[in-house]
Amino acid sequence: MEGVEGIRSNDLQDYKVWLEALYISNGVERLLSLFLRHFTRGDGLPVEGGVGDENVALLFIDKFVSVHMRWIPAQSGSNGPMSTAPFESLILPFSGGSIHYTRYVVAGVDDLDVFSRAAVATPVASGECKIGEILEIKSGRHCLVMQPSHEGVFSLQISSRISHRLTWDFDVKSGRAVSIRSASTDATRDQLSCKALEAMVARDSITTLQRVAREHDFHFVRMQAIRALHGLGCKELHVLLRERALNDPHVHVRLACEKNLMRMGEW
């Protein structure tokens, strides 16, 4: 990965020149040989399963970007949900064929942090990314459905490590919103930890869960902490619910707390 470690930038356009130069110099052929060696001898690059039948090898990572080699199978993107991208990426196909793609943009919702069934992903462009060309994946309101031709495509992918907080999933056929999920591994881990503390009846964690319910950056983690406190029989839960109903920055948390206070007869 000579050269990429010297870029030091959050702007993916700074990596585009390096990616093009790597392809022209036939450097990707050496990377492909390392990728295949993992399967034949069990050494070389760490390879993880990706979406569907994909396999992904991590080549380089720093605080700005990660660089992966991907095998994208022919059936990729033809079924199931399509999603907004949590990371901006550049994809360079270098072996196996071209990638046909369709770009979508999300409309019908103003705030991407608030889930709404009114959101819809509408196609705005389509095309073909050939061997040696670079396909851009945009984050935010954009979805990209890729359909590699023939048997599948080997590609090199550079992704920014700055992510959007939530990823939206849409039905491919209707374009309608299905769900949202966290783009943060840490937030997902925190959410599961709240569930685990409740399941273990860890009443000594009540003070910690109260702090999470007030201070965590992600609204769904705050909600999970509140649920855990209810399950643990927190005596001060009504105080927390009133506070969150009035002051929480996310509308879903405020409405949920207000509704539960009404059920308790304290709103």
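These are my notebook entries on what I looked up in this predicted model.

**Ground rules**

The model is predicted, so local features need pLDDT of at least 70 and side-chain atom pairs count only at pLDDT 80 or more, while totals for chains, interfaces and linings use all residues. I number residues from 1 along each chain as its sequence is written, and side-chain values use heavy atoms, with hydrogens and water left out.

**Entry 1: the cores**

I started with the nonpolar cores, meaning sets of buried Ala, Val, Leu, Ile, Met, Phe, Trp, Tyr and Cys residues joined through side-chain atoms within 4.5 Å. For burial I used relative accessible area: buried is under 20%, exposed is over 50%, and partly exposed is in between, with a 1.4 Å probe and protein chains only.

The largest core has 24 residues, and L209, I226, L229 and L237 touch the most other members. I then looked up which elements give two or more residues to this core: they are α3 (185–199), α4 (206–215), α5 (219–231), α6 (237–247) and α7 (251–264). Helix α5 gives the most, with seven residues.

I checked the contacts of L237 too (contact: heavy atoms within 4.5 Å). Not counting residues up to four places away in sequence, L237 touches I226, L229 and H230. Apart from this core lies another of 23 residues, among them Y15, L59, F154 and L156.

**Entry 2: R244 and the charges around it**

Next I went to R244, which is found in helix α6. Is R244 buried or exposed? R244 is buried, at a relative accessible area of 7%. Leaving aside neighbours within four places in sequence, R244 is in contact with A213, R214, I226, P249, V253, R254 and C257.

Then I turned to salt bridges, counted when a side-chain nitrogen of Lys or Arg is within 4 Å of a carboxyl oxygen of Asp or Glu. Side chains of opposite charge can pair when their charged atoms come close. My count by this rule comes to seven salt bridges.

E243 and R244 meet through their side chains in one of them (3.0 Å, N to O). E243 also forms a salt bridge with R214, the closest N and O atoms being 2.9 Å apart. E243 lies in helix α6 and R214 in helix α4, so this pair ties together parts that are 29 residues apart in sequence. I noted E243 as partly exposed at 22% and R214 as partly exposed at 35%. Salt bridges that share partners join R214, R222, E243, R244 and D248 into one network.

**Entry 3: R8 and D62**

R8 has phi near 55°, a positive value in a residue other than glycine. Most residues other than glycine have a negative phi. R8 also forms a salt bridge with D62, the closest N and O atoms being 3.7 Å apart.

V201 is another non-glycine with a positive phi, about 50°. I found V201 in the loop between α3 and α4, where V201 is partly exposed at 45%.

**Entry 4: strands β6 and β9**

I looked at β9 (residues 142–148) and found this strand mostly covered: five of its seven residues are buried. Strands count as paired if DSSP finds at least two bridges between them. Strand β6 (residues 99–107) pairs with β9 in the antiparallel sense over seven bridges. In this pairing H100 stands opposite Q147 in β9.

I looked up N26, which lies in the loop between α1 (13–24) and α2 (27–41). N26 counts as partly exposed at 42% relative accessibility. N26 and F94 are 68 residues apart in sequence and 9.7 Å apart in space, C-alpha to C-alpha.

Last I checked W267, in the segment after α7. W267 counts as partly exposed, at 41% relative accessibility.

Methods:
Helix = DSSP H or I, 4+ residues; strand = E, 2+ residues; numbered from the N terminus.
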